[in-house]
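Trainee: I would like to go through this entry term by term and check each label against its cut-off.
Mentor: Go ahead.

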Amino acid sequence: MEKHVLALQLSQILGEEFNRDWIYEHIEIPKQEKMGDLAFPCFKLSPALRKPPQDLASELAPQLKHDLFENVQPVGGYINIFLNQQFITEHTLKQILTEQENYGKHTFGEGKTVVFDLSAPNIAKPFSMGHLRSTVIGNSLANLAANYGYETVKINYIGDYGTQFGKLLSAYKNWGDEEKIRANPLAELTKIYVKFHEEAKENTLLIDEGRHWFKKLEQQDEEALRLWRWFKEVSLEEFEKIYQLLGIEFDLTRGEAYYNDKMDATVELLKEHQLLEDSDGAKVVRLDEEGIPPCLIKKSDGTTIYATRDLTAAIDRFNSYSFDEALYVVGHEQSLHFAQIKHVLNKLGFNWAQNVKHISFGMMLQDGKKMSTRQGKTILLENVLKEAIQQASDSIEEKNPQLRNKETVARQVGVGAVIFHDLKQDRRNDVEFSIEDMLRFEGNTAPYLQYSYVRAQSILQKGGFKVDASNPFLSDEKAWSLIKQIRKFPEATAKAYKEYDPSQIAKYLLDLAKTFNQYYTHTKILQGEQQDAKLTLVYGFSLVLKQGLSLLGIEAPEEM
RNA sequence: GUCCCAGUAGCUCAGCUGGAUAGAGCAACAGCCUUCUAAGCUGUGGGUCGGGAGUUCGAAUCUCUCCUGGGACGCCA
């Protein structure tokens, strides 16, 4: 609001040479509050107007007049503006009381659909920390897309196919123990899978045996199919436990194998477009013009490969959903793969290929290196979540043993800490796995945010707050800082989706909670004057914080 | 070898479409609970923004180059 007014006034004063949008883009919020609420740097105007920025600021400042502006001052080359706190406070809180949980929502995406590919664990393998990243980032992005107005479709594309399962079948035939697997499916299957790779170093025949079993699987061999289905079933049951803990649901869970009988059509299509070439006995699509290595479509033994399946799946998804965007939330080590997929789709003449995007993220590292299931290095998410919940539980016993719903709160806090730890930093960064960092409950963490929310709720309850848009509003220095933070929420949600970056929300919420806690410490809300006004502000804060946390997929307990 | 990503406080990270004195959290040290939940708040110390060069009135931010780390580079996904 105030930025638009400023941009409009400046553009009117300066004339057509500087348009509103350009000015709007360059309006800043001063780093230090004492300098003002808004600032415009005049350095950019200097070359065209041939005047020093200091002079421009002095000339322009007195000309800026509006009810929203309390005070306009030239400082150095800047025009610093102090806003009318009373007016903006009233406006903001009334807006929140009216819009409630719709505050901060957008309509840009209305009538459009976004398809998300997220989580995608591999069956017969434990749910690793790496899959956690895809799951929570993808889930948060889907929440943000919905907040943006989009229809969202969350697809969990289970890794249930490929040569690796040939290897697993081979491993099972050699060392499998049905009883043990029934008792502890993922751990036992992983054990024989790791053993397979260890043995294969000595015995290269095993690799051929693995390929052979995969071929049998492709040819619908009865035994291979039976075992594969069994592995899949027990794996999905294990995954479901984790999704329940995380509080995540999917619109569609579908394995790669679903596309087995649909890939021939894709291969045919590639042939029709004369894109398929032979190379060392395999079939590839050359991408020389794009400057990247060729995309492998069929292996020399005639079996398919993941690119073939991803192409088929992408085409199928477009046919099913006519998506406006398809986002693949997959680790950055697959960048080349998705670049290839996108280019091949493009060569096939699908103009929607430009809307297929790889939302990549950094890896979970251990000792600075990639974690690998094959070497048995994986850390199990389930154990980490259990540990997190346990520590949250210990914390409750120590700090608030009278608490009701202890188990629920322990889950919300523990799981929240794990999710937030992953979302708070830029998704592109690699992260070194550290259980200590992950389970920290103080400082820049989810428990800190949840605790701030709980404090607000406690006050609202004790103060008997009721939503009433006719409440009076107040403005003092600390309250004004909080109002300004609350007002940044809509912009933060918009930016977070535009950049596909949940960490924008996470950082915003930390700033917001920090400001609230300062207000809380310095102002006695349930004492003194203007209690209704103060309570309204607290309510506005708690509403925004809860909305923000839910965008990240984190629950906000009422007490803790 | 080619391509991609990163290097900011002891540690984990913000800031990167160029702007005012480079910010948080953790750790360290010093304070604040007779009153709204101390999972909190306040303060102190801590920086050649990997090195060098360039563009600019102005560079952590843009360009080039070098160093270091990570990743990818057809028959795994």
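Trainee: What makes Asp 280 count as buried or exposed?
Mentor: Buried means under 20% relative accessible area, exposed over 50%, and partly exposed in between, with a 1.4 Å probe and protein chains only. Asp 280 has a relative accessible area of 78%, so Asp 280 is exposed. A caution on the source: this is a predicted model, in which local features need pLDDT of at least 70 and side-chain atom pairs count only at pLDDT 80 or more, while totals for chains, interfaces and linings use all residues. Residues are numbered from 1 along each chain as its sequence is written, chains are lettered from A and ligands numbered from 1 in the order in which they are written, and side-chain values use heavy atoms, with hydrogens and water left out.

Trainee: Where is Asp 280 placed, and what is the phi of Asp 280?
Mentor: Asp 280 sits in the loop between β7 (276–279) and β8; helices (H or I, at least four residues) and strands (E, at least two) are DSSP runs, numbered from the N terminus. Phi of Asp 280 is near 50 degrees, a positive value in a residue other than glycine. Most residues other than glycine have a negative phi.

Trainee: What are the phi and the burial class of Ala 124?
Mentor: Ala 124, in the loop between β4 (113–117) and α6, has a positive phi near 70 degrees. With a relative accessible area of 3%, Ala 124 is buried.

Trainee: Why is Ser 134 called buried?
Mentor: Its relative accessibility is 5%, so Ser 134 counts as buried. Ser 134 belongs to helix α6 (residues 129–147).

Trainee: What does Ser 134 touch, and what does the side chain of Ser 134 reach?
Mentor: Contact means heavy atoms within 4.5 Å. Leaving out residues up to four places away in sequence, Ser 134 touches Leu 118, Ser 119, Val 329 and Phe 361. The side chain of Ser 134 comes to 2.8 Å from the backbone nitrogen of Ser 119. A polar contact is a pair of N or O atoms within 3.5 Å; within protein, one must be able to donate a hydrogen and the other to accept it, and residues adjacent in sequence count only if both atoms are side-chain atoms.

Trainee: How do you know that Glu 33 and Lys 484 meet in a salt bridge?
Mentor: A salt bridge is a side-chain nitrogen of Lys or Arg within 4 Å of a carboxyl oxygen of Asp or Glu. For Glu 33 and Lys 484 the N to O distance is 3.2 Å. Glu 33 lies in the loop between α2 (20–26) and β1 (38–41) and Lys 484 in helix α19 (residues 477–487), so the pair ties together parts that are 451 residues apart in sequence. Glu 33 counts as partly exposed at 44% relative accessibility, and Lys 484 as buried at 18%.

Trainee: What makes Glu 559 and Arg 404 a salt bridge?
Mentor: The closest N and O atoms of Glu 559 and Arg 404 are 2.4 Å apart. The pair links distant parts of the chain: Glu 559 is in the segment after α22 (531–552), Arg 404 in the loop between α15 and α16 (406–423), 155 residues apart. Shared partners also join Glu 33, Asp 37 and Lys 484 into one network of salt bridges. Glu 559, at 35% relative accessibility, counts as partly exposed, and Arg 404, at 55%, as exposed. By this rule the count of salt bridges comes to 29.

Trainee: Which residues come nearest to RNA strand B?
Mentor: A residue is near a strand if one of its heavy atoms lies within 4 Å of it. There are 70 residues around RNA strand B, and Tyr 78, Tyr 306, Tyr 451, Lys 462 and Tyr 520 come nearest. Of the atoms of RNA strand B that come within 4 Å of the protein, sugar and phosphate account for 61%.

Trainee: Which backbone atoms lie at a phosphate oxygen of RNA strand B?
Mentor: A backbone N or O atom of Gly 443 lies 3.1 Å from a phosphate oxygen of RNA strand B, and a polar backbone atom of Asp 426 is 3.2 Å from a phosphate oxygen. The largest share of the surface near RNA strand B, eight residues, comes from α18.
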